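Dear colleague,

Please find below the structure that I am handing over to you. My notes on what was found in it follow directly after.

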Amino acid sequence: MTTRNDNEVLEMIQVLLVDDHPTIMEGTKMLLEQEGDIKAFLAYSGEHAIDRVKVQHFNVILVDLHMPDMNGIDLAKQIITISSDVAIILYTGFEFNNHFNLMIESGISGFVLKTANRQQLVTAVRCALRGEVVLPLSLVKQLRRTHNQTGKNIDEVQPQAINDQEYQILKEIAKGKSNKEIAAIVFMSQRSLEYCLTNLFQKLHVKSRIEAAIKAKEMDLLTDSDFIKL
């Protein structure tokens, strides 16, 4: 009996979930394990995930994009140096549309939103196992719009490229809030916020917080009422 169970475990799809939110972790684990051939394990930080990967082989790893100790992309790069054959999927609550190249260069197999239902989540895992890139339709449409742009500067920034979280960050910048204050408002570490700001600056083609706020106003993302009155 023990031997049979051991063989069954070996045949299971081993999935590691990396997220600092216990409720999300437990819910995702329950959804995946309803399949019967998937066994999910948990890691509550980037460092914890690295420790687990060093001692256990996983077929697929779902990584949260924003964690207190490191962002999901940096973690993916480190994991791949330890286990080059693992499929890594970003598991995020926010759109990732303007980071496609960065995602591919990091060796990530795609991303799935935390709002995905059980079928979408399981499909993402199985696609990653087959070596297929997992992309939401919204990203595919965004890439198609970029590819089909004619008579326009390819670097032109489109308002829809800014997601809800980045919009909130821009509004807080316009209010004159510090990075520390903004990080507390959007519930992330200062390091993760700085990473988000770097990506936001790249989207807007600016180099500072002030330039970002001005560009956002030019794009009609912000209005005069959003700015602090001095």
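Which strands does helix α2 lie across? Helix α2 (residues 22-33) lies across β1, β2 and β4, and runs at about 170° to β2. Angles here run from 0 to 180 degrees between N-to-C directions, and axes are lines fitted to C-alpha atoms, for helices over the stretch in contact. Contact means heavy atoms within 4.5 Å.

Before the details, a word on the basis of these notes. This is a predicted model, in which local features need pLDDT of at least 70 and side-chain atom pairs count only at pLDDT 80 or more, whereas totals for chains, interfaces and linings use all residues. Residues are numbered from 1 along each chain as its sequence is written, and side-chain values use heavy atoms, with hydrogens and water left out.

Overall composition

The protein has 11 helices and five strands; these are DSSP runs, numbered from the N terminus, with helices being H or I of at least four residues and strands E of at least two. Of the 230 residues in the protein, 43% are buried. Buried means under 20% relative accessible area, exposed means over 50%, and partly exposed lies in between (1.4 Å probe, protein chains only). The protein exposes about 12500 Å², of which carbon and sulfur atoms supply 53%; the areas come from the Shrake-Rupley method with a 1.4 Å probe, and for residues only the protein chains shown count as cover. Among contacts between residues at least 6 apart in sequence, 63% join residues at least 24 apart.

The sheet

The five strands form an open sheet in the order β2-β1-β3-β4-β5, with parallel pairing. Two strands are taken to pair if DSSP finds at least two bridges between them. β2 and β5 stand at the edges with a single partner strand each, so one side of each has no neighbour in the sheet. From one strand to the next, the twist averages 25°.

Strand β3 pairs with β1 in the parallel sense over four bridges, and Val18 stands opposite Val63 in β3. Five bridges join β3 to β4, again running parallel; here the bridge partner of Val60 is Ala87 in β4. β4 in turn pairs with β5 over four bridges, in the parallel sense, and Tyr91 stands opposite Val112 in β5.

Is β3 covered on one face or on both? Both faces are covered, with Val60, Leu62 and Asp64 buried on one side and Ile61 and Val63 buried on the other. In a regular strand the side chains alternate between the two faces of the sheet.

The nonpolar cores

The largest nonpolar core has 25 residues, and those with the most contacts inside it are Leu16, Val18, Ile61, Val63 and Leu75. Such a core is a set of buried Ala, Val, Leu, Ile, Met, Phe, Trp, Tyr and Cys residues joined through side-chain atoms within 4.5 Å. The elements giving two or more residues to this core are β1 (13-18), β2 (38-43), α3 (46-55), β3 (60-64), α4 (72-82), β4 (87-92) and β5 (110-113). The most comes from α4, with four residues. Apart from this core lies another, of 22 residues, among them Tyr91, Leu121, Cys127 and Val134.

Leaving aside neighbours within four places in sequence, Val63 is in contact with Val18, Gly72, Leu75, Ile88, Ile89, Leu90 and Tyr91.

Individual residues

Ser109 is found in the loop between α5 (100-105) and β5. Its relative accessibility is 17%, so Ser109 counts as buried. Beyond its neighbours within four places in sequence, Ser109 is in contact with Ala87, Ile88, Ala128, Glu132, Val133 and Val134.

How many disulfides does a search of the whole structure find? The search finds zero, a disulfide being a pair of cysteine sulfur atoms within 2.5 Å. Cys127 is buried at 13% relative accessibility, and Cys196 is buried at 8%.

Most residues other than glycine have a negative phi. Phe187 is in the loop between α9 (179-185) and α10 (190-204) and is exposed, with a relative accessible area of 77%. His205 is in the loop between α10 and α11 (209-218) and counts as partly exposed, at 47% relative accessibility.

With kind regards
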